[in-house]
Amino acid sequence: GAGVSQSPSNKVTEKGKDVELRCDPISGHTALYWYRQSLGQGLEFLIYFQGNSAPDKSGLPSDRFSAERTGGSVSTLTIQRTQQEDSAVYLCASSLNTGVGEKLFFGSGTQLSVL
Amino acid sequence: GQSLEQPSEVTAVEGAIVQMNCTYQTSGFYGLSWYQQHDGGAPTFLSYNALDGLEETGRFSSFLSRSDSYGYLLLQELQMKDSASYFCAVSGNTPLVFGKGTRLSVIA
């Protein structure tokens, strides 16, 4: 596609429910990243994929968070048993590879609200 | 670990010049990037510095001093549309780590 696409753009859920967030990267981009941004804050790294593998999962806040990427393309971030502190904008980015100084292309994010 | 410091807010007048600073602590430093984010929008790449000195792209310039662990973004001929948040980010042994950003408000 022309850019990184994320869905849904907004998600409201009840505490304790599971949610799935989807990211469709730019075609041909092998690296995919998930970040989280709380209101007025910076971008918190969650996880990145090189192809289908995730060399770095160090940013996942807890074992309630998981992500997968299939076919070297679409990625899904799953949050189980959501908590109110999970409310944030979840941003996905892709790049051609994980080379140093690589330019990241971001999607518009999913605004998650946990009630 | 890695950490970055940026002033939280800055206000400048349309047509003026503004400098936004970034200091960092990191291991395995490779370079410093800058991203712009308008309210409700996606961050977009502005520049990347791997070597000391100034890089210029139109009205935007970015500077890096590796010995001082310091960089800045310089915006000239400010326009109202430049009102946004600006994030510095370091490339190191981990995927890109971002600062908390500087919110720039351009006033008439």
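Predicted model: local features only at pLDDT ≥ 70, side-chain atom pairs only at ≥ 80, totals over all residues.
**Disulfides, pockets and one buried aspartate**

A:Cys92 is buried, with a relative accessible area of 0%.

What does A:Cys92 pair with? A:Cys92 forms a disulfide with A:Cys23, and the two sulfur atoms are 1.9 Å apart. A:Cys23 lies in strand 3 of chain A, residues 19-24, and A:Cys92 in strand 9, residues 88-95, so the link ties together parts that are 69 residues apart in sequence. The torsion about the S-S bond is about -65 degrees, so this disulfide is left-handed. A:Cys23 is buried too, with a relative accessible area of 0%.

Over all chains the count is two disulfides. In chain B, B:Cys22 and B:Cys88 form a disulfide, with a sulfur separation of 2.1 Å. Here B:Cys22 sits in strand 3 of chain B, residues 18-25, and B:Cys88 in strand 9, so the bond joins parts 66 residues apart in sequence. The angle about the S-S bond is 75 degrees, and the link is right-handed. B:Cys22 has a relative accessible area of 0% and is buried; B:Cys88, at 0%, counts as buried as well.

The largest pocket holds about 580 Å³ of space. It is lined by 28 residues, and the closest to its centre are A:Gln37, A:Ser38, A:Leu39, A:Gly40 and A:Gln41. Among the elements that give two or more residues to this lining are strand 11 of chain A and strand 11 of chain B. Strand 9 of chain A gives the most, with three residues. By class, the lining has six nonpolar, 18 polar and four charged residues.

The second largest pocket has a volume of about 300 Å³. Of its 16 lining residues, the closest to the centre are A:Gly42, A:Leu43, A:Glu44, A:Phe45 and B:Phe98. Strands 4 and 5 of chain A, and strands 1 and 10 of chain B, each supply at least two residues to the lining. Strand 5 of chain A gives the most, with three. The classes here are six nonpolar, seven polar and three charged.

Last, one residue in a loop. B:Asp82 lies between strand 8, residues 70-75, and strand 9, residues 84-91, of chain B. Is B:Asp82 buried or exposed? B:Asp82 counts as buried because its relative accessible area is 3%, and the cut-off is under 20%. Beyond its neighbours within four places in sequence, B:Asp82 is in contact with B:Gln36, B:Arg59, B:Phe60, B:Leu75, B:Glu77, B:Leu104 and B:Val106.

Terms used
Residues numbered from 1 in each chain as written. Chains lettered and ligands numbered in written order. Heavy atoms only, no water. Helix = DSSP H or I, 4+ residues; strand = E, 2+ residues; numbered from the N terminus. Buried < 20%, exposed > 50% of the residue type's maximum accessible area, 1.4 Å probe, protein only. Contact = heavy atoms within 4.5 Å. Disulfide = S-S within 2.5 Å. 1 Å grid on protein atoms, 1.4 Å probe; cavity = no way out; pocket = protein on both sides within 12 Å on 5 of 7 lines; lining within 4 Å. Points joined across faces, edges and corners; volume = space filled by probe spheres on them. Nonpolar A, V, L, I, M, F, W, Y, C, P; charged D, E, K, R; others polar.
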